[in-house]
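Reader: Please walk me through this model, one feature at a time. Start with a turn between strands.

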Amino acid sequence: MKKQNRFKIVAASIMLLGGMVFLVFAMTRSTSMRHFTPALLVADASSADKQQVQIDGLIAEGSSKWDAANFVLTFAIRDRESDASVNVIYKDQLKPDNFTDGGSVFVEGEYDASQNLVVATKLMTKCASKYDGAESAVPTDETSYNSSK
Amino acid sequence: MTAEIGQAAIFLSVLSCLWAIAFLSVGLRTRNPHAIQSGRNAVIATFILISISTGALIYGFLTDDFSMRYVEEVSSAAQPLLYKITALWGAMSGSLLFWLWLLTVGGAIVVWQNYQRNKQMPDTLADYSLIPIAIVQLFFTILVTGLIEGIYNPLARFPNGQVAVDGQGMNTLLQTPLMAIHPPTLYIGWISLTIPFAFAVGALASGRIGSGWILRSRRWMLFSWIILTIGITLGGNWAYQELGWGGYWAWDPVENASFMPWLLGTAYLHSVMIQEKRNMLKLWNILLITLAFQFTLLGTFITRSGIITSVHAFGGSGIGGYFLSFILASTAGVIGLIIYRWNRLKSANRLESLLSRESAFLLNNWLLVGLTLIILWGTLWPIISEAINGEKSSVPEAFFNKVVIIPGLLLLFLTGAGPIISWKKITANNFRRMFLFPLIIGLIGGALTWGFLALIGYTFPLYSVLCSFAAVFVFAAIFAEFYRGAKLRAKRQETSFVNGLNLLIQRNKRRYGGYIIHIGIVILYIGIMGSKGYFLLESKSMTLGESMEVGKYKLTMIDSFEKEYANYLRSGVIFDVAKNGKRIGTMEPALHAYYGAKPDEEPTKEPAIHHVGMNDLYVALANVPRNIKTGGVVNVQAYYNPLIGIVWIGVAVMVLGGIVAIAEKSDRSRDAR
């Protein structure tokens, strides 16, 4: 094999690899969202102001209000271990399945520190799959989404 | 009593796995046929033992034995028969047992195939490969013994003779026929990947690193690929029909976990052809199949360990650590064998040119492995980011959608370029003869797409234009291949063109089956482009008599209904659907309230889907108020999903191509060493 060919092949591979790595890093930087529990977010509110965040917690009892006429869901997401909570507004979407007081919820959206409010773009409740918690002779509510511990 | 027998069988199969590993290793080293036979028998014994435990668990479901913990967890007396059986994989312990059982079926088939083959041609490759199979079986057997913290024995009873009055029952969302077959399909796909991996390890251990192991495991690999393709699609289809968010793929960690082994398996199916034709990439193929196998375990690790937040909401269960340890240990074992066999793994040939079929294959491999790593990166980003700066972050669906486009389009182009580019080095003649026509047609296709999209208001849809160009190019390239080949055959055999085409495929099922898969891929891409790129969504709160518009369609809510079924209450509304003012049918989206549902389970959404050619109208409801007849407000989401029907057709064509390719029995005649 000619030397020149080998050079071409190596150069092409490096270009391809470099391009892919660059793409991945650029996209990660531009889309990555920090992950919080309500307590951590409240404690670190100023640094997360106007940023995209993810919050994982429980639907605070009695806090949710569903304005069916305008498709606006508002509620507070509270911490699993403390009283801290963050307000959430979720607009122009259906209220998801399994949305009940005290249930696990996962929210993505932009945080506004001055109002302690997240404008949610995505909202997930405890899901479908029953694989949660192998040892679940106890009810399964506490076992899902325990990723932040 | 049956449960106790089942438990005993699991413990005994720990012994039979150890027996198989020990007797096969010693027998193969000392060339002792009796010891080898004993090892094979032990593999069969494991299969019988695990079948007994699985049978005992199913018996528990059928007899509603709520003294058994697992039965209580996932079944209930009122659960329909089908879902009592599928409850076997309804939660973790049972699905591990089911996984193990499938693996023992695989082991038994390998023994049987080897027995058939040995009658003609004795050889030890399959016996060597039984050792890694038994090791993986041992791992899963230990997991289900109940001795491991975090997983109880699926046949265990409640302590102190407690008996629950009724079971908790399976989650109602999973009680659909699609969900009854989706998980086992994926499992079968993953587990059949274990066999080619075992053959690779067997090849390393025995020192026979030619193409023998690849040919012997070729049909296993294709089988796995076909089943995984079906399984992944069933999952997407289920999500589309049941979850009510109008889509079929969301880059959820669990979806990714099923997709990554598929990508690696696809890469492997291509790279082995280079080894067969040019005797290159021996080491790469072994690494690739090892990686594909490890990713099936990694998927389980990701989804079961609770380290990643997912819609599937898996809890932390301690099992992740065992999977990770096994992944690391088995990878270390393979690397050890590779070092041991290093001298035999060198390639005889090298790449000669950047523009050749070899490098097209290589680029395909780089892209598929690259995509896998990108998806892995995105999936594990919560862990990676925490390790880097102590703060957990994650990337949304948009990250994946954006980052896969360019490698995805390159792959699409290769789908057509790979089959027509010449080996070793492209020539001017090859380019003129094979490339010119498809490229021109492709450019025309791209331009037409651009024109069409511009007409309906999209000014510069770059990716769609590139996708259409590549898709049309691939179509033209592959059809030209079929046409040329069929015409040549017809001429030689002096028969009709259709007969020629038939002969062409019959004589080389693997190659032309592969081309059919490529056509399926193109169709799939067009479907994804349409449905992901151009869907419309409208939300509205409405009362009876009101209407809403999505695209050219007008939906008028004319009535509501309520109907009782065996295990749920169906309530919904009826829409009159009109296109451009002309009535084309009705849609009946609904909610199902299951009678056995737990208090925290709300009614499930049952969207209505109306097919208009390849496009779908899709309507989901958030609620159906009690007072709907007297002015109650219903919250409606309506989607227009263009070309989504093509997604399913594309996959069907891929599966068809896979079935054609797997029909070729080339593995006996050409058993190169």
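Author: A strand is a DSSP run of E with at least two residues, and a helix is a run of H or I with at least four; both are numbered from the N terminus. Strands pair if DSSP finds at least two bridges between them. In this predicted model, the hairpin of β3(B) and β4(B) leaves 2 residues between the strands, and Gly551(B) takes a positive phi near 60 degrees. Residues are numbered from 1 along each chain as written, chains are lettered from A and ligands numbered from 1 in written order. Local features need pLDDT of at least 70, side-chain atom pairs count only at 80 or more, and totals for chains, interfaces and linings use all residues.

Reader: How many bridges join β3(B) to β4(B)?

Author: There are 4, between residues 547-550 and residues 553-564, and the strands run antiparallel. Glu549(B) stands opposite Lys554(B) in β4(B).

Reader: Which residue stands opposite Lys563(B)?

Author: Arg570(B) in β5(B). β5(B), residues 568-579, pairs with β4(B) in the antiparallel sense over 11 bridges. These two strands also form a hairpin, with 3 residues between them.

Reader: Now helices. What span is expected of α13(B)?

Author: The expected span is 1.5 Å times one less than the number of residues. Helix α13(B), residues 397-420, has 24 residues, and 34 Å is expected. From first C-alpha to last, α13(B) reaches 35 Å, close to that value.

Reader: Where does the kink in α13(B) lie?

Author: A bend is the angle between axes fitted to the seven residues ending at a position and the seven starting there. In α13(B), a kink of about 40 degrees lies at Ile405(B), shortly before the proline Pro407(B).

Reader: Which residues touch the most other members of the largest nonpolar core?

Author: A nonpolar core joins buried Ala, Val, Leu, Ile, Met, Phe, Trp, Tyr and Cys residues through C-beta atoms within 7 Å. Buried means 20 or more other C-beta atoms within 10 Å, with C-beta atoms placed from the backbone. Here the largest core has 180 residues, and Leu130(B) and Ala471(B) touch the most other members. Helix α7(B), residues 177-206, gives the largest share, 16 residues. A second, separate core of 26 residues includes Leu555(B) and Val619(B).

Reader: What does Ala471(B) touch?

Author: Contact means C-beta atoms, placed from the backbone, within 7 Å. Leaving out residues up to four places away in sequence, Ala471(B) touches Leu412(B), Val522(B), Tyr525(B) and Ile526(B).

Reader: And chain A: how many helices and strands?

Author: Chain A has 3 helices and 7 strands. Buried residues make up 39% of its 149 residues.

Methods
Buried ≥ 20, exposed ≤ 12 C-beta atoms within 10 Å, placed from the backbone. Contact = placed C-beta atoms within 7 Å.
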